[in-house]
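Biologist: Hey, I'm new to this one. Could you walk me through it?

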Amino acid sequence: MPIDDPISALETLDQSDERQRSPVSRFARPIFAIAKLLAPPGGEFAGSTVEAAVDWLNGRAESNRQEFIKVLSDELKYCSARIQNLLGENEAQRRFVQDELPGLTVDALRRAEQCRAKERIARLARILSNAASIGANDGADAIEDMMAVATRLSETDVLILRQAAVEYHSELSAHPQEAERAVATRAWRRVLAKANCPISEDDLVTIGSRLESLGLATKVETGQPWENPVFRPLGSGYRFIQYVQSTGSQ
């Protein structure tokens, strides 16, 4: 399958009557009911106010879809030749692109519509782009999970995870026989300074806990209950970083 086909199909789908139909029109009636409940005593919100809110949501969804298509198209330009060669040599990846990628694309579009930040839309596009070349290795379910995680992390969260992956890999390579507790502690203690991120130690703990809750990292006991906890990335965290990386930098 030519790599242009998924993108052409995506753009055609986005321009079709089905895609142009308001993605939030079904919410107009409950939004109006809620607006009436929130109206000040003796008054109510004008219908035009509710319509303006729905129009704004529709406009954001459309803008988000266009942003997703733009980033995905740009990403695929970097790797289209490699993907074409791979699809001719790797039957598993060819089947993945043919059978799983269209559904993942629709899922990514739906998630993109609801994003508030463009960097999260870009992550979805990069995950899909990387899936076109390595997705068969992890499977559609894992990629779907990564897309769900991508919309829940801030740029700071991703920065900390990326730096933690670098520091832990470096520390483990230098001290492969040392106890995990010591390796993880030294690596995590360096993350804040190396990431050059203006957040507090408490914020770092919060981010570590969030990464743990999403299955990207795990807490390592330091043996010192009075110290802040430390975290190390899991294999899923390394894979996530790989998938949200731009194909142009690989």
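**A first look around**

Biologist: How accessible is Asp-74?

Modeller: Asp-74 has 28% relative accessibility, so it counts as partly exposed. Partly exposed sits between buried, under 20% relative accessible area, and exposed, over 50% (1.4 Å probe, protein chains only). Before we go on, this is a predicted model, where local features need pLDDT of at least 70 and side-chain atom pairs count only at pLDDT 80 or more, while totals for chains, interfaces and linings use all residues. Residues are numbered from 1 along each chain as its sequence is written, and side-chain values use heavy atoms, with hydrogens and water left out.

Biologist: OK. Which residue forms a salt bridge with Asp-74?

Modeller: Lys-77 does, with the closest N and O atoms 3.6 Å apart. A salt bridge here is a side-chain nitrogen of Lys or Arg within 4 Å of a carboxyl oxygen of Asp or Glu. Lys-77 counts as exposed, at 62% relative accessibility.

Biologist: Where are Lys-77 and Asp-74 in helix terms, and how far apart?

Modeller: Both are in helix α4 (residues 47–89), and because they are 3 residues apart, about one helical turn separates them. Helices (H or I, at least four residues) and strands (E, at least two) are DSSP runs, numbered from the N terminus.

Biologist: How many helices and strands does the chain have?

Modeller: There are 12 helices and 2 strands. Starting at the N terminus, the order is α-α-α-α-α-α-α-α-α-α-α-β-β-α. The chain has 250 residues, and 40% of them count as buried.

Biologist: And how do strand β1 and β2 run?

Modeller: Antiparallel: 4 bridges join β1 (residues 217–220) to β2. Two strands pair if DSSP finds at least two bridges between them. One example is Lys-219, whose bridge partner in β2 is Phe-231.

Biologist: Which residues of strand β2 are on its faces, and are they buried or exposed?

Modeller: Strand β2 (residues 230–233) is covered on both faces, with Val-230 and Arg-232 buried on one side and Phe-231 and Pro-233 buried on the other. In a regular strand, side chains alternate between the two faces of the sheet.

Biologist: Back to salt bridges. How many is the count?

Modeller: The count comes to 18 salt bridges. Among them is Arg-239 with Asp-138, at 3.4 Å between the closest N and O atoms. Arg-239 is in helix α12 (residues 235–243) and Asp-138 in helix α7, so this pair ties together parts 101 residues apart in sequence. Arg-239 is partly exposed at 36% relative accessible area, and Asp-138 is partly exposed too, at 27%.

Biologist: What about Glu-227, which side chain does it meet in a salt bridge?

Modeller: Arg-189, at 3.5 Å from N to O. Glu-227 lies in the loop between β1 and β2 and Arg-189 in helix α10, so the two tie together parts that are 38 residues apart in sequence. Both are partly exposed, Glu-227 at 34% and Arg-189 at 37%. There is also one network of salt bridges with shared partners, joining Glu-167, Glu-171, Glu-178, Arg-186, Arg-190 and Lys-194.

Biologist: Switching topic: is Ile-127 buried or exposed?

Modeller: Buried, with a relative accessible area of 0%. Ile-127 is in helix α7 (residues 118–138). From Ile-127 to Phe-240 it is 113 residues in sequence and 8.4 Å in space, C-alpha to C-alpha.

Biologist: What's the phi of Asn-196?

Modeller: Near 50°, a positive value in a residue other than glycine. Asn-196 is in the loop between α10 (180–195) and α11 (201–213), and counts as exposed at 68% relative accessibility.

Biologist: Last one: where is Asp-99 found?

Modeller: In helix α5 (residues 91–99).
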